[in-house]
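Open the structure in your viewer and keep the sequence beside it. This tour says what to select next and what is there.

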Amino acid sequence: LPLAGMWLPPDFTTSTGRIALSLVQPSIPQDQKFDPARFAANLEALAQLIESSRGQVVITPESVVPLPLVELDRATLVRLARPDRPALLGAFLGNADEGFVNSVVGLGTDYHYGKRHLLPFGEFIPPGLGWFVHAMNIPLDDQARGDHQRNWAVAGQKLRPLICYEDLFGEDFVQSAVGADAATVFVNVSNLAWFGTVMVQDQHLQFSQMRALEFQRPFARSTNTGATAVVDHRGRITARMPPLQRGVLEARVDGRSGTTPYARWLAALGLWPLWGIALLTLMGLRKAAQ
């Protein structure tokens, strides 16, 4: 997103202070991520990254634990949960009867958030196509939706998690950017290893930049292979880790409070005005063509 030289709107939000975040990038190839033979080694590498982190809060990518959390042995969970700092751990909650939920869990707290905007085939199976998806043997292929949109109050800030492409749909989470309990920092956790490094990582980062501009909130992104980065409330990338590099991006993020005019409008009316404008435009074009 080319922001250099662009006119930027005035600040509608104010600073709520800074939080030091450790954004983990494990860089696990997709063909190894769900391989049971590699679980132990991958979890050990994750534990080492968490132990080396220095921030007030550790953020790990989507499904960094690639199995239901109830199946994770107690010793590994204790190893991942550092007592001196909370961590947001990507895992699956739920069970086979009620459905598994692509989630993040606040280790050391009672917080969890489950993905709500599910994608067809990768996360839920459209009616009548179960036989096809099951034949592909995709792990955890038919998931349930998360049950809330609450923020995570931690280290003096209010973090609002978004999982993978949820940051594309601002109308879905705009309620988290308005009101007295609005989020001060948006956190996106993703696994884009499915797509390699061609275009998709930068494209997804641009989604976060647009939402940062619309809501004037920073975005902190922790991803498996990229783009792990921090975007400020002006949509500017202030820190980024190279793709396909294993490590931790240490960053200080300036939280924000307040509401932009766009957020206020979107929260009240949704996208209906845009659909109305599009319909009126089409009607005008049709009339002009007659």
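Two strands pair if DSSP finds at least two bridges between them. Helices (H or I, at least four residues) and strands (E, at least two) are DSSP runs, numbered from the N terminus. This is a predicted model: local features need pLDDT of at least 70, side-chain atom pairs count only at pLDDT 80 or more, and totals for chains, interfaces and linings use all residues. Residues are numbered from 1 along each chain as its sequence is written, and side-chain values use heavy atoms, with hydrogens and water left out.

**The sheet.** Select Trp-152, then Leu-159 in S7, its bridge partner. S6 and S7 run antiparallel to each other, paired over three bridges. Now show the open sheet of six strands, ordered S6-S7-S8-S9-S10-S11 with mixed pairing. S6 and strand S11 (237-240) are its edge strands, each pairing on one side only.

**The core.** Which residues have the most contacts inside the largest nonpolar core? Select Leu-21, Ile-59 and Leu-159; the core has 28 residues. A nonpolar core is a set of buried Ala, Val, Leu, Ile, Met, Phe, Trp, Tyr and Cys residues joined through side-chain atoms within 4.5 Å; buried means under 20% relative accessible area (1.4 Å probe, protein chains only). Elements giving two or more residues to this core include strand S1 (13-25), strand S7 (157-163) and helix H6 (200-215). Apart from this core lies another, of 20 residues, among them Leu-43 and Leu-80.

**Around Leu-21.** Centre on Leu-21. Beyond four places away in sequence, Leu-21 touches (heavy atoms within 4.5 Å) residues including Gly-55, Leu-159 and Leu-249.

Notes. Buried < 20%, exposed > 50% of the residue type's maximum accessible area, 1.4 Å probe, protein only.
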